[in-house]
Amino acid sequence: CTGNGICKCRVCECFPNFTGSACDCSLDTTPCMASNGQICNGRGTCECGTCNCTDPKFQGPTCEMCQTCLGVCAEHKDCVQCRAFEKGEKKDTCSQECMHFNMTLVESRDKLPQPGQPDPLSHCKEKDVDDCWFYFTYSVNSNGEASVHVVE
């Protein structure tokens, strides 16, 4: 019974919060919780503790990654700018609003992560407050942890 129940007469009796013939389906929706507090970002269903994204544009562990949406880069631009360069609109609120991702500085654009890795990846090119371009990537791994790589 996958350690989540007791076998009685060759039938699993599941502990609370588990279901399925082998008690291998968790009813816990915590892993499906998106950063906006919605289950699967409102774009999927939580099945056995895993999001099944129903909107084909969205993917990732909580249906928050959208490769074709312009939103990923624009949404994180201000936080990347304040974390990497201590500039921009969120400079004063950076430590409160912008600590939701791991950040790595890289020397040049060719050192940024490239497509083909297992996690969905967005390449971003945005203008900063000084009208200069800055480059970063945004990805979310299977544990829902966001990673940003920024060109110094």
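**Cysteines, a sheet and some charges**

Okay, let's start inside: Cys73 and Cys124 are both buried. Buried means under 20% relative accessible area, exposed means over 50%, and partly exposed is in between, using a 1.4 Å probe and protein chains only. Before I go on, this is a predicted model, where local features need pLDDT of at least 70, side-chain atom pairs count only at pLDDT 80 or more, and totals for chains, interfaces and linings use all residues. Residues are numbered from 1 along each chain as its sequence is written, and side-chain values use heavy atoms, with hydrogens and water left out.

Back to our pair. Cys73 and Cys124 form a disulfide, with 2.1 Å between their sulfur atoms. I'm calling a pair of cysteine sulfur atoms within 2.5 Å a disulfide. The torsion about this S-S bond is -80 degrees, and the link of Cys73 and Cys124 is left-handed. It connects distant parts of the chain, with Cys73 in helix H1 and Cys124 in strand E10, 51 residues apart. Helices (H or I, at least four residues) and strands (E, at least two) are DSSP runs, numbered from the N terminus.

So what does E10 belong to? It is part of an open sheet of 4 strands, ordered E9-E12-E11-E10, with mixed pairing. For two strands to pair, DSSP has to find at least two bridges between them. Strand E9 (101–106) and strand E10 (121–127) are the edge strands, each pairing on one side only. From one strand to the next, the twist averages 25 degrees. As a reminder from class, strands of a sheet pair through backbone hydrogen bonds, either parallel or antiparallel. E10 and strand E11 (residues 133–140) run antiparallel, joined by 7 bridges. Our friend Cys124 has Phe136 in E11 as its bridge partner.

Now look at helix H1, residues 71–85. It lies across E9, E10, E11 and strand E12 (146–151), running at about 110 degrees to E11. For these angles, axes are lines fitted to C-alpha atoms, for helices over the stretch in contact, and angles run from 0 to 180 degrees between N-to-C directions.

Here's a residue I like: Glu126, also in strand E10. Leaving aside neighbours within four places in sequence, Glu126 is in contact with residues including Cys73, Lys77, Trp133 and Phe136. Contact here means heavy atoms within 4.5 Å.

Which charges do pair up? The count comes to 5 salt bridges. Lys87 forms one with Asp128, the closest N and O atoms being 3.9 Å apart. Lys87 sits in the loop between H1 and helix H2 (94–97) and Asp128 in the loop between E10 and E11, so this pair ties together parts 41 residues apart in sequence. Lys87 also forms a salt bridge with Asp130, and there the closest N and O atoms are 2.4 Å apart. Lys87, Asp128 and Asp130 are therefore linked in a network of salt bridges. As for how open they are, Asp128 is buried at 13% relative accessible area, Lys87 is partly exposed at 27%, and Asp130 is partly exposed at 45%.

How many disulfides does the whole structure have? The search finds 9. One of them joins Cys25 to Cys48, S to S 2.1 Å. Its torsion is about -95 degrees, so the disulfide of Cys25 and Cys48 is left-handed. Another joins Cys32 to Cys46, also listed at S to S 2.1 Å. Here the torsion is about 70 degrees, so the disulfide of Cys32 and Cys46 is right-handed. Cys32 lies in the loop between E4 and E5 and Cys46 in strand E5, so they tie together parts 14 residues apart in sequence. Cys32 is buried, at 0% relative accessible area, whereas Cys46 is partly exposed at 23%.

Cys132 is partly exposed, with a relative accessible area of 39%. That's me done, thanks!

How values were computed. A salt bridge is a side-chain nitrogen of Lys or Arg within 4 Å of a carboxyl oxygen of Asp or Glu.
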